[in-house]
Amino acid sequence: MTMNFNTLKNTFIPTYTLRTDQLFIDQLDDIIQQGIIRIYNTAKDIGFELMDTNTLDQNAYLIDKPGNWRETLSLNVGDINNNRIFLQERTYEYCKTYLPNSGTTGIPKYYCDVPQGNANSYRNWLVVPSANIDYNVEVIYLGLPLFNATYATNFLTQKYPNLLLYSCLLEASLFLNNEEMRNKYEMMFGKELETINNISGERITDRTVVREKS
């Protein structure tokens, strides 16, 4: 049977866990999401890399992040002639010290995450200086794939269905507090991940030469 969100939720997980009670079924959306997060946390380089395009208007200094953003790999802006400028990542404190006045415009040079405490905590990138013209933005980032009844397939279901299944069953065993099942699927998840890594070899996800921290 082909793996997709509906078969994973309605067939695979209930069959392997032997649980069809409503309390368990009601938790499956969250269990599946936690399964994807587990894969992301242990294997970021198997397909979570995405690209997003956006705009940075003249005088603007904030760029909205995609809703599924987890980690930035690179960020560049392009002018009307498509000249690309790769911004360097810095801390929030560095950016504010470098250019404390957001009204100062120029060619963007640095970017950072907007820190916690802001109303849109970590939902934006701050760039300095503020844009002197309109720019097109390209961001390479690590993000969680959409996976629900509407977006029923993704790279995990297509390339790594066993890894996804074992990860979700491992999360299900934690919810069910089933130690025997947890040990079983933790081992199967680890072996499947090791096999994938051995086949794929070493991967490089950071597209920049140096990601300096200040």
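Select helices α1 and α3 (residues 28–42) in this predicted model. The two helices pack at an angle of about 100°, and their axes lie 11 Å apart. Because of that angle, α1 is roughly perpendicular to α3; the range for this description is 65 to 115 degrees. To view the contact itself, display F5, L8, K9, I13 and P14 on the α1 side, together with L28, D29 and I32 on the α3 side.

Which residues of α1 are buried? They are F5, T7, L8, K9, F12, I13, P14 and T17.

Now move along α1, beginning at its N-terminal end. Select N4, which caps this end: one of its side-chain oxygens is 3.0 Å from the backbone nitrogen of N6. Proceed to T11, where α1 bends by about 25°. A proline, P14, follows within four residues. Just after the helix, select L18, whose phi is positive, at about 60°.

Finally, go to helix α6 (residues 161–176) and select S173. Is S173 buried or exposed? S173 is buried, because its relative accessible area is 1%, and buried means under 20%. The S173 side chain reaches the backbone oxygen of L170 at 2.6 Å. Display N178, M181 and R182 as well: S173 is in contact with these residues, leaving aside its neighbours within four places in sequence.

Methods
Residues are numbered from 1 along each chain as its sequence is written. This is a predicted model: local features need pLDDT of at least 70, side-chain atom pairs count only at pLDDT 80 or more; totals for chains, interfaces and linings use all residues. Side-chain values use heavy atoms; hydrogens and water are left out. The bend at a residue is the angle between axes fitted to the seven residues ending there and the seven starting there. Buried means under 20% relative accessible area, exposed over 50%, partly exposed in between (1.4 Å probe, protein chains only). A polar contact is a pair of N or O atoms within 3.5 Å; within protein, one must be able to donate a hydrogen and the other to accept it, and residues adjacent in sequence count only if both atoms are side-chain atoms. Axes are lines fitted to C-alpha atoms, for helices over the stretch in contact, and angles run from 0 to 180 degrees between N-to-C directions. Angles under 35 degrees count as roughly parallel, over 145 as roughly antiparallel, 65 to 115 as roughly perpendicular and the rest as oblique. Contact means heavy atoms within 4.5 Å.
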